[in-house]
Amino acid sequence: MSAWLVLRFLKFVAVSVFFSGVVGTFRATTTAERRRWSDRHAAPGFVLSWFCGFGLVSATGQPLFARWILGAVAASLVTMWSVLAQAHLLERKSNALSGVASLGFVLALALMVWRP
């Protein structure tokens with residue numbers, strides 16, 4: 001089995017964990033639950049997806065500063081900042097932050113899949 005396939009699988013798992021953390025953070029009813037979802041799922045999934053993504057870029061020989069990579073990095077950062085703001089800065093749920101996180105996640109995923 002090639003390292004590229006292992007990285008792709010790990011990237012898929014990481015993005016799934018990140019997604020579950022985003023959804024869990026915004027669906028949780030208490031601040032403690034939101035923090036647990038963001039710290040135990042969203043943050044590790046985010047970091048692992050970045051490591052796997054950079055590994056895939058390295059394995060495929062893509063330029064690190066391609067527009068689609070920079071766009072995906074920016075969109076995923078916006079998503080993660082929204083999750084952390086909801087979990088650690090705000091007491092009440094924010095529909096606006098939920099929308100920003102969702103749009104950022106979908107944009108990052110689209111850029112990673114289609115690589116325009």
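How far apart should the ends of helix α3 (residues 67–88) lie at 1.5 Å a residue, and how far apart are its end C-alpha atoms? The views below, all of a predicted model, begin with that helix.

**View 1. Helix α3, its span and its buried residues.** At 1.5 Å a residue, the 22 residues of helix α3 (residues 67–88) should span 32 Å, and the 31 Å that separates its end C-alpha atoms agrees with this expectation. The buried residues of α3 are W68, I69, A72, A75, S76, T79, M80, S82, V83, A85, Q86 and A87. The elements that cover these buried residues include α1 (3–27), α2 (31–60) and α4.

**View 2. The packing of α2 against α3.** The axes of α2 and α3 are 9 Å apart and the two helices pack at an angle of about 165°, which makes α2 roughly antiparallel to α3 because angles over 145 degrees count as such. The crossing in which α2 passes α3 is left-handed. From α2 the contact draws on T31, R34, R35, S38, D39, A42, A43, F46, W50 and V57, while from α3 it draws on I69, V73, S76, L77, M80, V83, L84, Q86, A87 and H88. Divided by class, the residues of this contact of α2 with α3 are 12 nonpolar, five polar and three charged. Among the α3 residues in this contact are I69, S76, M80, V83, Q86 and A87, each of which is also listed as buried.

**View 3. The packing of α1 against α2.** The axes of α1 and α2 come within 7 Å and cross at roughly 155°, so that α1 is roughly antiparallel to α2. Here α1 passes α2 in a left-handed crossing. The contact of α1 with α2 comprises, by class, 15 nonpolar, 11 polar and three charged residues.

**View 4. The packing of α1 against α4.** The axes of α1 and α4 come within 10 Å, crossing at roughly 170°, and α1 is therefore roughly antiparallel to α4. The crossing of α1 past α4 is left-handed. On the α1 side, K11, V15, F18, F19, V22 and F26 meet L97, S98, A101, F105, L109 and M112 on the α4 side. By class, this contact of α1 with α4 has 10 nonpolar residues, one polar and one charged.

**View 5. S94, in the loop between α3 and α4.** Within the loop that lies between α3 and α4, S94 has a relative accessible area of 18% and is buried, because that value is under the 20% cut-off. With its neighbours within four places in sequence left aside, S94 is in contact with F26 and Q86. Of these partners, F26 is one of the α1 residues that meet α4, whereas Q86 belongs to the α3 residues that contact α2 and is itself buried.

**View 6. G99 and W114, two positions in α4.** Both G99 and W114 belong to helix α4, which covers residues 95–114. At 29% relative accessibility, G99 counts as partly exposed, whereas W114, with a relative accessible area of 67%, is exposed because its value is over 50%. The C-alpha atoms of G99 and A66, which are 33 residues apart along the chain, are separated by 26 Å. For W114 and F12, 102 residues apart along the chain, the separation of the C-alpha atoms is 15 Å.

Terms used. Residues numbered from 1 in each chain as written. Predicted model: local features only at pLDDT ≥ 70, side-chain atom pairs only at ≥ 80, totals over all residues. Heavy atoms only, no water. Helix = DSSP H or I, 4+ residues; strand = E, 2+ residues; numbered from the N terminus. Buried < 20%, exposed > 50% of the residue type's maximum accessible area, 1.4 Å probe, protein only. Expected span 1.5 Å × (residues − 1). Contact = heavy atoms within 4.5 Å. Axes fitted to C-alpha atoms, helices over the stretch in contact; angles between N-to-C directions. Parallel < 35°, antiparallel > 145°, perpendicular 65-115°, else oblique. Left-handed = near helix turned anticlockwise from the far one by under 90°. Nonpolar A, V, L, I, M, F, W, Y, C, P; charged D, E, K, R; others polar.
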